[in-house]
Structures are given as C-alpha cells and as structure tokens.
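Good morning, and thank you for the time. I would like to take you through one structure, a few places in turn. Please have the sequence and the model open as we go.

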Amino acid sequence: MRRTRTHVFLLGALMLAGCGIDPVRVSDRVSTRDMLLGVQALDDGVAAAIDVRVNSPIGTVELTGGDALFVTVDGSRRPMVEGQSNGAPIYSVKLDALPGDFLLDLERQADRDVHGVVVEVSSPFALAGGGLTQDLPLSLSWDADPEGGEVVISVQGDCVAPLTRSLDEDTGALVITQAELRPPPAGPPSAPCALEVSVSRTITTRDKLLSTNPGGNVTTSAEQRRTIAVTWTP
Amino acid sequence: MHEGRRFIGGAAGALALVCILTGTEDARAGDPSHVALWRLEVHGAYLQGDQRLGAGTLAPYNGWGFWGRVGISEFPWKWLGYDVLAQIGMVGTPQSTFDVVTEGAVAFAPARWKGSVDGSIVLGVGGGFGFERPVWLGRGATGYPLVLARLTLLPKKSIRFFASFRFTPITPEDGWGRAYDLEVTGGYKWWYLGLRGRIDDVTQGDPERLYRTYWLGPTAGLVIR
C-alpha cells in the first residue's frame with residue numbers, strides 16, 4: 001500500500017514537472033501566416049513525384065481538421081496524400097511526368113487558404129551520350145534551357161570515384177575526358193564497366209505565402225533529371 | 001427648481017448609502033467573524049499551457065514561479081474597507097523574469113455571521129499595476145481593473161479557512177487577456193497552508209484564438225491580524 005502511494009506520488013510529480021511535453025504538431029494549432037511549405041518535385045524521365053512538408057515554429061505539422069494540400073499539374077487538380085518520411089508527415093502526389101510549372105493550393109477550414117502558389121519547373125529534356133571508347137572522351141548533349149535553373153552533371157559507377165560538375169550556364173553540352181574519371185580507391189578497373197551519367201536541372205525559389213507580415217514562406221525545388229548508361233573500358 | 005430638487009434628492013441618497021456602508025461602529029478586532037485579514041505568505045507554482053508564437057501558433061510551454069506576498073484587508077467601517085496585495089517574485093519560463101504586482105480594491109463586507117461556524121464574505125472592486133501576464137505577452141508594465149471575493153470560515157477560534165478569488169482583465173496590445181486566481185487555505189492559529197491556482201487566458205492572434213496557461217502550487221503564510 002505504501003509502495004503504491006509512493007508510485008502514485010512520483011507519477012503525479014512527474015506530470016506536474018511537465019515531463020514529456022512535446023509540441024502537438026497539428027495544423028489546427030498553427031497559423032497559415034506561420035507556416036513554411038517545403039516543396040520538392042522530381043521528374044527523372046520515368047516518373048515524377050511532388051512532395052510537400054509543412055513546417056512551423058513548433059516543428060513539422062500534420063494537416064488535420066479538414067486542412068488539405070492540392071496540386072494542379074497540366075490543368076488537372078489532385079489532392080496530396082499524407083505519408084511519413086523520417087517520422088514526419090509528408091504530402092505527396094505521383095505523376096507520369098512534370099511537363100512544366102504547377103500550382104499548389106493549401107485549403108484550411110479555420111484559417112486562411114493559400115491558392116495558386118506557382119512552382120517553377122524547367123522544361124523536360126532528352127539526354128544523349130557517346131564516346132568513352134579508346135581515347136575518346138564522354139560527350140553529353142541535351143536540350144538547353146537558359147532559364148532552367150542550376151545544371152549539375154554527375155557520373156558514378158563501380159569503376160570510378162563519383163564525379164560531379166556544375167555549370168554556370170546551361171550550354172546543353174559537356175565533354176568529360178577519361179583523365180577526369182578517376183578510379184576508386186580500390187584501384188582501376190581491368191574490364192569494361194557500366195557508368196550512370198545524369199544531368200539534372202533544378203529551379204529553386206523562396207517566396208512568401210501571403211502578403212501579410214509575417215506571411216509564411218514557401219520554398220520550392222523542382223528538378224528535371226535524366227540518366228543514361230554508358231560503358232567505359234579504360 | 002425641479003433640477004435643484006433632483007440634486008438634493010440624489011445627494012441625500014448617496015449620503016444614506018455611505019451611512020449604511022460605513023455603519024455606526026467599527027469592526028471589533030476580537031470578533032471571531034471580523035473581516036480584517038493581514039497576511040504574509042510565500043507561494044510557488046508550476047505552470048503549463050500554450051503561448052503564442054508567430055502570428056497565431058499555439059506552442060506548449062511550461063515553467064514555474066515563486067513569490068513573496070503581502071496582503072492587507074482592513075475594514076475601518078463595519079461594511080466598508082480596503083484590500084491591498086503586493087507580490088514580488090520570479091517566473092521561470094523561456095522568458096524567465098522578475099515579477100512584481102500591486103493591487104488595491106475598495107472592499108465591501110455584505111455578509112458576516114456568527115453561529116456554529118462563524119464567517120464572512122468580502123467583495124471588492126479596484127485595480128492593479130504590474131508586468132503583463134502571462135510573461136510571453138512581453139515585459140510591459142500595465143494597469144488593470146480587479147474584482148475580488150473572499151469567503152472566511154472560522155469553525156473554532158484557532159482554526160481559520162479562507163478562499164479568495166480574483167479576476168483581473170488585462171488588455172494587452174493585441175486582443176484581450178484575463179486572469180482567474182483562486183486560493184484555498186486552511187490554518188491553525190497564526191499559520192496557514194493552502195493551494196493556489198490561476199488561469200491566464202489571452203485571446204489574440206491570427207486566427208484569433210485562446211492561449212491558456214494553468215498555474216497551480218502550494219502557498220504557506222502567516223496571519224498577522
């Protein structure tokens with residue numbers, strides 16, 4: 001009996017001390033004006049996905065109470081589906097492709113809505129590659145888009161150390177000599193090996209959600225990525 | 001002529017009311033149901049609730065507070081008196097800070113009785129001055145109105161119970177706030193122990209919503225008179 005009383009007392013003391021207070025991260029408790037929407041979109045040439053995370057001063061937020069996100073891609077409006085990523089809620093839509101800019105809407109039952117957030121996406125492109133035989137360098141070409149954002153080329157495979165190049169300007173072409181393809185620490189390959197070469201074009205933006213102050217923020221990162229396979233015989 | 005009569009009638013009525021409230025005799029200090037109460041006390045409390053972050057986000061928070069308090073409730077006249085309270089202390093929250101409050105009220109004693117349990121009821125209206133509460137509102141000093149009520153029960157000469165309630169609406173820069181303060185104590189001779197709870201409500205933000213803080217903690221004191 002005495003032990004039970006002790007346990008009840010300790011439990012009460014712990015409750016009073018506020019142990020385990022954790023922010024209740026539901027959108028009902030967060031003002032639209034305090035929200036930070038993080039939009040990530042990727043079209044890899046095979047399929048596309050749009051992911052949105054909702055952050056706030058109290059952490060990542062789960063949309064509750066009828067609050068919802070929608071995207072309008074190529075004239076078609078779709079609701080975003082809730083999932084989990086690293087233990088936090090994430091809202092996603094799977095698509096066949098990202099043909100261009102799309103719109104994001106946040107609809108709230110007891111707060112301000114946000115409609116028509118434009119997420120800029122660079123135009124789709126095709127990637128071609130050749131060379132890497134005898135002494136020929138790797139020659140890459142794609143459809144240039146001067147306003148398509150940051151361009152990054154990467155080469156990876158079992159026989160090379162990962163290589164990454166960023167272009168200041170989207171020229172639509174790049175040549176990588178064999179000397180630039182460094183073997184991995186394990187040593188140079190002795191047989192033909194497969195390489196994966198990808199070109200990605202990413203547009204990132206940061207803007208306010210609303211014209212008020214504070215007005216929330218939306219950050220977007222939309223990537224068009226194309227990957228081809230090439231064989232290299234050193 | 002008509003105006004003059006109305007003025008004289010009003011003055012006579014006010015004089016009659018003052019006479020009724022002040023009575024013809026002082027409250028006797030030896031009277032077990034007398035309403036005067038002078039006290040010194042210390043009070044500690046744990047707090048938990050929601051504070052506002054940004055434009056209108058409910059953010060859970062908690063903390064503690066510790067105060068020394070002096071309260072004087074005195075009745076120079078039978079039904080009419082005054083109630084003064086001063087407190088100084090610390091509030092430990094993310095905005096941890098010094099806290100000081102003074103409050104004063106005109107007090108009325110509409111009921112006092114003798115019987116198997118002597119007792120009295122005191123009501124008061126006045127105002128206060130101190131830092132804004134809860135502390136997350138900021139650290140501006142502010143004045144505010146006050147209403148109070150106190151029930152005192154004396155089942156024996158050496159045993160005293162009293163419960164007091166204070167309501168203080170405080171208008172911050174944005175929206176409006178109010179605090180409900182309830183204290184229940186029981187004492188023997190000069191000493192008393194009790195429990196004091198407070199609810200601080202603030203309605204503000206975009207969207208406008210309620211930010212509520214609960215306080216609860218023990219109080220211990222000494223009755224001087």
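This is a predicted model: local features need pLDDT of at least 70, side-chain atom pairs count only at pLDDT 80 or more; totals for chains, interfaces and linings use all residues.

Is Gln224(A) buried or exposed? Its relative accessibility is 0%, and therefore Gln224(A) counts as buried, the cut-off for that term being under 20%.

What surrounds Gln224(A)? Leaving aside residues up to four places away in sequence, Gln224(A) touches Asp43(A), Leu98(A), Val121(A), Ser122(A), Ser123(A), Pro124(A), Phe125(A), Val199(A), Ser200(A) and Arg201(A). Sequence distance is also worth a remark here: Leu42(A) is 182 residues from Gln224(A) along the chain, yet the C-alpha atoms of the two are separated by 6.0 Å.

The side chain of Gln224(A) has polar partners as well. One of its polar atoms lies 3.1 Å from the backbone oxygen of Ser122(A), a residue that Gln224(A) also touches.

Ser56(A) has a relative accessible area of 14%, so it is buried. A polar atom of its side chain lies 2.9 Å from the backbone oxygen of Gly59(A). Residues up to four places away in sequence not being counted, Ser56(A) touches Val30(A), Asp34(A) and Val61(A).

We now move to chain B. How is chain B built from helices and strands? It has one helix and ten strands, and along the sequence the pattern reads α-β-β-β-β-β-β-β-β-β-β. Of the 225 residues in chain B, 45% are buried. If we take the contacts in chain B with a separation of 6 or more, 55% of them are between residues 24 or more positions apart. The accessible surface of the chain is about 10900 Å², and carbon and sulfur atoms account for 69% of that surface.

Finally, the aromatic rings. How many aromatic pairs does a search of the whole structure find? Over all chains, the search finds four. One pair in chain B is formed by Phe162(B) and Tyr192(B), in an edge-to-face arrangement with 5.3 Å centre to centre and 65° between the planes. Why does this pair tie together separate parts of the sequence? Phe162(B) lies in strand 7, residues 159-170, and Tyr192(B) in strand 9, residues 191-204, so the pair joins parts that are 30 residues apart. Phe162(B) is buried because its relative accessibility is 2%, and Tyr192(B) is buried with a relative accessible area of 4%.

Thank you for your attention.

Conventions:
Residues are numbered from 1 along each chain as its sequence is written. Chains are lettered from A and ligands numbered from 1 in the order in which they are written. Side-chain values use heavy atoms; hydrogens and water are left out. Buried means under 20% relative accessible area, exposed over 50%, partly exposed in between (1.4 Å probe, protein chains only). Contact means heavy atoms within 4.5 Å. A polar contact is a pair of N or O atoms within 3.5 Å; within protein, one must be able to donate a hydrogen and the other to accept it, and residues adjacent in sequence count only if both atoms are side-chain atoms. Rings of Phe, Tyr and Trp (its six-membered ring) pair if their centres lie within 6.5 Å; planes under 30 degrees apart count as stacked, over 60 as edge-to-face and the rest as tilted. Helices (H or I, at least four residues) and strands (E, at least two) are DSSP runs, numbered from the N terminus. Accessible areas come from the Shrake-Rupley method with a 1.4 Å probe; for residues, only the protein chains shown count as cover.
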